[in-house]
Amino acid sequence: MTAVTAPRAVTPALLDQDWRSVGKWGGLCGLAIVLVSLIGMPVGLDSRTLVEGRLSLGYLALVWLPVVFGYVVSKRVVLEGVETPDPGLRDVVAGLCCGIVAGLGPALLILGLDNWNLRKPLVNWSPKLLELLTYDRGIGYGVAAWIITCAVLAALGSMLHVVPASVRRFVSYAVMGALLLSVLESAIVDLSEGFGLESLTDAIYAKRGGLTVTSTIILGVVIGGLSLLTKGRVKSATNRYRQMEGAERQRTSIVLFIVVAAVCVVLPMFLGTIMNELLANVGLFLLLALGLNIVVGLAGILDLGYVAFFAVGGYTTAVLTSSQSPWFHPEWHFGIVLLAVVVMAAITGLVIGAPVIRMRGDYLAIVTLGFGEIIRLLFLSDWLKPYFGGAQGITNVPPVDFGFALVKGTDPRSVFYLVLAFCALAIYVSWRLQASRLGRAWMAIREDEQVAEAMGINTVNTKLMAFVVGAILASFSGAILAAKVGSIFPNSFMILVSIIILVVVIVGGMGNIVGVLVGSVVLIGVLGGPRQPGLLQEFQSFKLLIYGALLVFMMLKRPEGLVPSARRSQELHQEEYLQDAWLKGEDHDQEEAEAQAEAVAHAPAGVEGEGDPS
Amino acid sequence: MNSESMSPGATGDATGQDGGTALLEFREVNTHYGAVHILKDVNLSIYPGELVCLLGGNASGKTTTLKTLLGMVTPTSGEVVLDGEVVNGQPTSYRVANGVTMVPENRRLFKRLSVKENLLLGAYLRNDKAGIEEDLEYVYGLFPRVRERLAQKSGTLSGGEQQMVAIGRALMSRPKVMLMDEPSMGLAPALVQQNFELIQQINDEGMAIFMVEQNANMALSIADRGWVLQTGRVVLDDTAEALLANPEMRSAYLGES
């Protein structure tokens, strides 16, 4: 702490590395490459071309790893007041060495594939994989090629620390942009068809899929250039928005809202069936995630059986609207049915909630998990077959007739508009609740249940309320699902649905509406839901693996989610400011410094100077 | 704030300093956690405007006493009396609405909520907007530092500021008596002094305070009366001056041999 004024002074020798860390990251990278190979990604995705004749999605699944690990291994944690060497050639050496270690992974895999046959336990241990890894040019070539490729890529990754910030920005945006354009080819083609821009996409993409080499370079340069032009603009714009107050902020919010609403309403008109279907699925899951966000994010109740309410909504709608409902078929209109759905969801919420709500943490999670399955098994059971049709479910759920519009599954655009209306309602409700007395009570319970009780909050009733509000939102989603699909089956309500919604909420950012929105778009839209394909249809069979990996990554590195709330980042900023001021020994703000010193003094100063009878 | 409850006569026991009706009273209270007998025939009383403290070592039943007062633990026998009314079966919310409030041990703010939200949660049971606004101003007047930190998350405040928010939160329910659990716990020595001055200040404004403390010296120096609890039984019950002078007390709790 004494060297505050002269940090980043020393430049250690080129080979003076933290070899343990280099070896660790290199080994991990090698293992990751082997794992990705053995789960069948390269072979399965090889047919999908990204850059004509150069790169397929299968190879991309392998080669991004050394780049990222190279970047990570030479990343330095810069601590205020601690000497940190300037990034330099030394870091590139670290990346290079890490890459060489990593390259041993695929190299050993090639040798293994050549010498042993482990096809029995490992399905993807195939000659095809060997062919792919060796580029079909013999074992020696493959081994050498992988070690060299990994080393070069990891070195490139680590070089990102060395080059100036603008170059780093340009390169990373160019590469990411070009890759994104090629990976999302089908969506972009669909979109451009809607706008009548086929000639543009024809020019960019090769006939048999993938970007052409020239267009890759041009697009990369254009995107990189744009990234330099927009540098800092987005951040300053959001900051300016955050600092606005009163009427100005309100006006800006209204304008923003109108823009977003217009895009949501207009965009689907230009999209094809597949994209609209995708949007409708995102909306259905967003509705579920918004509901779960109230339960988990605001009230802190870890409900793992949330799918139960989704099922109740779906079945209530099916029973009350379908002519094929085996027991009771009043064939009501969707609008009236919605009321019944609310009632049923509230009742189910109370029935499930009342016994479990008194439990804490882990116990509650396990019990709700059980209830989620119980509801599905009840619908599946022979006992209730005369009422709900058992495994055959209920078919012939009619489309929703609003008079001016018909919402049916074959026209996903109409479904999307219906979902959009419900999502807007759910967002409004969540937003209003957050700032309300009830919302505050939920958050208080989440933070400290005992103290919340001491404030006079009736914790049992308040938590039940959260459970019921969440249940109603989920049941709306179920009702729309029934109308969209036109039938309802128990196996649409597997436990997996609960888990995926929870992942959406966690990855997006718990207790944060924008976070949940981003989470749904990214996870459901790009990766896909439990049964619904996303933009990356190729990854369909690896979806759950990616979900899991993403969840682990987020928990370790960014537990506050993709979109931390504005308030949180502001405070982080404030904390940094205070820390800096304190470290630099600035005394002009005596109080702040005192506050910090006091915080530091906490630990040892616990209980002192009184006699405890012992 | 509580002058209306100061009618003379009634149930006051000999230790009551002004002879009015007790705000909060324990009559022969016994509590059990399962088969474990915690409080044994405890009699306590707190009068309007008093600052009283409950002393005792670990596991002597101090926290249980507070929980029983607040209604988070139900006594197995005896009566808890709030402002002349037996409230044994009433939930915490009823007692908070009728004038009991608590500053928990280690402050226990709602860390990820803002200071303002913490204060408003203190007024959770109230619906009078104007009154809440008035009391917010009162708290800001008491602690100007709190006003500066309104939008900040309470978990990022310093220990001293957190203590202010915790007291402010308790005041927001417009209480008649404030229960404080170990107010000096976890604070730096310099802050402990400041903290007790704060408690005294609030007491000087007419608030009755019931404080549970391990720091006996410090607590008795500002208190009017004190009780000493030992394994669930009240073993000493006297004015603060008398307790400070009591030789038994000095050897057991004041760190003198």
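What follows is a short chat about a predicted model, covering parts of chains A and B.

Me: Before we start, how are residues, chains and ligands labelled, and what pLDDT do local features need?
Reply: Residues are numbered from 1 along each chain as its sequence is written, while chains are lettered from A and ligands numbered from 1 in the order in which they are written. This is a predicted model, where local features need pLDDT of at least 70 and side-chain atom pairs count only at pLDDT 80 or more, but totals for chains, interfaces and linings use all residues.

Me: OK, chain A. How many helices and strands?
Reply: Chain A has 26 helices and four strands. Those are DSSP runs numbered from the N terminus (helices are H or I, at least four residues; strands are E, at least two).

Me: What share of chain A is buried?
Reply: 38% of the 614 residues in chain A. Buried here is 20 or more other C-beta atoms within 10 Å of a residue's own, exposed is 12 or fewer, and partly exposed is in between, with C-beta atoms placed from the backbone.

Me: Which domains is chain A divided into?
Reply: Domain 1 (1-162), domain 2 (164-229) and domain 3 (273-506), with bounds from an automatic or database domain assignment. The centres of domain 1 and domain 3 of chain A, taken over C-alpha atoms, are 44 Å apart.

Me: How do α13(A) and α22(A) cross?
Reply: Helix α13 (residues 273-298) and helix α22 (residues 495-508) of chain A have axes that come within 9 Å and cross at roughly 70 degrees. That makes α13(A) roughly perpendicular to α22(A). Axes are lines fitted to C-alpha atoms, for helices over the stretch in contact, and angles run from 0 to 180 degrees between N-to-C directions. Under 35 degrees counts as roughly parallel, over 145 as roughly antiparallel, 65 to 115 as roughly perpendicular and the rest as oblique.

Me: Which residues make that contact?
Reply: From α13(A), they include F285(A), L288(A) and L292(A), and from α22(A), they include I501(A) and V505(A). Contact is C-beta atoms, placed from the backbone, within 7 Å.

Me: Switching to chain B: what's the strand order in the open sheet?
Reply: Six strands, β6-β7-β8-β3-β9-β10 (chain B), with mixed pairing. The edge strands are β6 (100-103) and β10 (233-239) of chain B, each pairing on one side only. Strands pair if DSSP finds at least two bridges between them.

Me: Which strands form a hairpin?
Reply: β4(B) and β5(B), with two residues between them. D83(B), in the turn, has a positive phi of about 55 degrees. The two strands run antiparallel with two bridges, and L82(B) stands opposite E85(B) in β5(B).

Me: Last one, L55(B): why does it count as buried?
Reply: L55(B) counts as buried because it has 29 C-beta neighbours inside 10 Å. L55(B) is found in strand β3 of chain B. Leaving out residues up to four places away in sequence, L55(B) touches several residues, among them E213(B), W227(B) and Y253(B).

Me: And how far is L55(B) from Y33(B) in space?
Reply: 21 Å, C-alpha to C-alpha, with L55(B) and Y33(B) 22 residues apart in sequence.

Key:
Two residues are in contact if their C-beta atoms, placed from the backbone, lie within 7 Å.
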